[in-house]
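Work through the two exercises below with the sequence and the structure at hand, and try each task before reading its solution.

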Amino acid sequence: MKLKFFLCAALAFASTCANAVEITDAHRQRARKLVEQMTLDEKIRCLGGKTSFSLWGNERLGIPEIWLADGPQGLRNHAPHSTLYPAGILAAATWNRDIAARYGESLGDDARARGVGILLGPGVNIYRSPLCGRNYEYMGEDPYLASEIATEYIKGVQSKGVIATVKHFAANNQEWSRHHASSDVDERTLHEIYFPAFRKAVQVAGVGAVMNSYNLLNGVHATQNRWLNTDILRNLWGFNGILMSDWTSVYSTVNATASGLDLEMPKPVFYKPEKIKDALANGRITEEMINGKVEHLLSTFIAFGLLDRVQKDPDIPLDYEKSRLTALETAREGIVLLKNKDNILPLKGRTLVLGPNCDTIMSGGGSGSVSPFSVTPVSKALRQMRKNTVVLPESRLYYDITSDVFTDSTCSRKGFTGRYYKNQKMEGTPAVVRTDSAINFFWEYKAPFPDFPEDHFSATWSGFYRPSKDGIIKIRISGDDGYRVIINGKTVTGDWGNHALSTREIEYEVSEGKGYDIRVDYFDNISSANIICTFGMMDEETLNRELRRADNIVYCTGFNSGLEGEGFDRPFAIPAFQEKFINRLASLNPNLTVVLNAGGGVDFSRWGDAAKAILLAWYPGQEGGQAIAEILTGKLSPSGKLPISIEAKPEDNPCFDSYYANNDKVRSNDSRECRHVEYKEGIFSGYRGYDRNGVRPLYPFGFGLGYSRFEFSDLTLTPAGNDKVEVSFTIRNTGKMEASEVAQIYVTDNECSQPRPLKELKGFEKVKLQPGKSQRVNVVLDKEAFSFYNPDLHDFVVEPGSFTISVGNSSDNLPLSGMIDL
Ligand code: BGC
């Protein structure tokens, strides 16, 4: 039995990095003095948003109003447009700390240009299942990689005098039922998998703010979870910044106050003066608690200089060239080449570019959305780089047939009959009946007609269509809230529930001369109301002609903000029509490259073999098309590596049977009852789970191809004192072009009193080399690299004994290994 020794001090009180902003005693004293001068009302006012993205100032005391903005991949608020960076998952796929720091610095610049003091990012929730709608904002499945990227990002943001907010604390690993689902996770798993990125944000990066999540953790809402917010965050990790709620994630006045939550956003509901004063009068909370919260807010503002300067920096342009270059450079390093059969890439000869995502830049949906000043789509960039590029945009591939729809089968009047109801269920006699030439309405927060309600209304449109030839119609519908398309009495697609804007797309085959009764149903529950439905007939002649002429095809496809985003989970598979279309393309021209937009893994089983090359572009930001084109043409060797494992089939995922019961009843967000998501796989999620279960993922963690080749050699392991080990090895570019490779270092505990993963990532280094050149890489692993969390001792420990250290360029390709005793 190995001896144990403890790392409590090392992990709980690690000092912050030299360049991290620190909240000092002097800042706290100044804050305390301000608090002493405040009335109770003034103090309570500090605890809730003034508007959704601002906090109250106090003119009398010289405290300015503070502005907040999303986060995490660009500035969403306080200006209509901003640089759209690649999503967090792509930032993690760069495996490049310098890029992460630059990403953060540029976000900090953009914040200063707009006068924003608090940036609501980064998001660091761990990728547990590909279905989580917000995976795209986060940093993958591995706590070490996520921590390294997130800490650099935070330090970058904060170096510009902007407070970063690490979110969503904690275990917000599904979007389904996010207000009511309890993530039930054991203590060890929290400390080893779901907490590290938050802990290091606090202890290494000195993050100024933390945002609680919507979900419950082990049965208690995060915003009122005292163990989480006080015992762990404040007392164990030493956090002394601002703890804020997510937007409407507070559920109690007394419990949230007592748990340690400082700030309720977007406006005070439970932290309203009446409620706080009531709780004070009842003695259920104390004024010291209120003082402490205001002190957290003010001392953080003071430490970041927000009380001593105007936050808006007029010298930084809103559309900043430096930020645009950061977006481009990040995209260049994080796009992952998954497959390149027959070395079909780089492209040769005449290329046909098409697909729903070729002419635009896709992004995940929700609060992470950013409206950029400009975008560079793949088609534009490729055309600029190669003369031999032909683009078949969606608008040419599908011609609109809406104008061929009649109100009924007499075909006497064009358009749809629209029936509008003042209730949500299309009940009774419609209040308005009229002819609509198209279904394309953006009512937003307004009522559709003067005497209509703004919320809780519904509509149905009916039309008749008789095609003059056989063909395929693409139906695309997006809406907020429920919608469905019914053809000849059968529902063909829809998202019939209360939700934010979402999109569905299908292909529907029609036959010449046959009549089709089309019905589109819609309802608005609350908030914004939008519905758009288009019908496009595929121009098969043009498609076939262009396919025959092309030497190779680039099809840009995958998810978009309506299919993957905040507030809902997504399917594993990309839409069925896309899968079918990929197979159709490959059958007509086998030289097919698929450029895929997704925030995580997808089901490749029905189309992966059809594509010779697959480039996983994630959501690559406004300059993404340029980076993709550089890779497709061979100007740049791809160097992104997967920050996730991609399973061959859904049931291979270690959390498959404990994500949540994935059926329609449970998937509905309507019920308010608390549901439990039990993290049964414990610490064995991602590659830790595949290794334990002996299942090989289709694409393993850390994997990614390039156009060059690298060789690893000469591993040496040297004790460096105080349980540190210096790992050194040589990496050589044996291929023909300049390229970057990510050296990955995994640690195996060969003998342990507790079950441990077969290996865990504990170090990495991205190295750029000219062909034929080599470099010696040295990485020091500290105690933490060898430790695990012992739940009996409530602490991280290292059990002395032998450890294996493996080095390579993917979790399943580790050519070097050596053993060392600690
Ligand atoms: C999201 C947060 C976001 C906030 C403000 C919430 O819905 O969960 O991540 O920062 O909205 O937009």
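**Exercise 1.** Find which residues come nearest to the ligand, and then work out how the shell around the ligand is made up.

*Solution.* The model is predicted, so local features need pLDDT of at least 70 and side-chain atom pairs count only at pLDDT 80 or more, while totals for chains, interfaces and linings use all residues. Residues are numbered from 1 along each chain as its sequence is written, and side-chain values use heavy atoms, with hydrogens and water left out.

Next, take the distances to oxygen atoms of the ligand: a side-chain N or O atom of Asp70 is 2.4 Å from one, a polar side-chain atom of Glu566 lies 2.5 Å from one, and for a side-chain N or O atom of His168 the distance is 2.7 Å. Of the 310 Å² of accessible area that the ligand has on its own (Shrake-Rupley method, 1.4 Å probe), the protein covers 95%.

Finally, sort the shell by residue class, which gives five nonpolar, two polar and seven charged residues, where Asp, Glu, Lys and Arg count as charged and Gly is among the polar ones.

**Exercise 2.** Determine the order of the strands in the open sheet of four strands.

*Solution.* The order is E33-E32-E37-E38, with antiparallel pairing (strands are DSSP runs of at least two residues, numbered from the N terminus, and two of them pair if DSSP finds at least two bridges between them). At the edges, strand E33 (760-769) and strand E38 (816-821) each pair on one side only. Strand E37 (residues 802-808) is joined to E38 by six bridges, and Ser802 has Asp821 in E38 as its bridge partner.

Note on methods. A residue is near a molecule or strand if one of its heavy atoms lies within 4 Å of it. A polar contact is a pair of N or O atoms within 3.5 Å; within protein, one must be able to donate a hydrogen and the other to accept it, and residues adjacent in sequence count only if both atoms are side-chain atoms.
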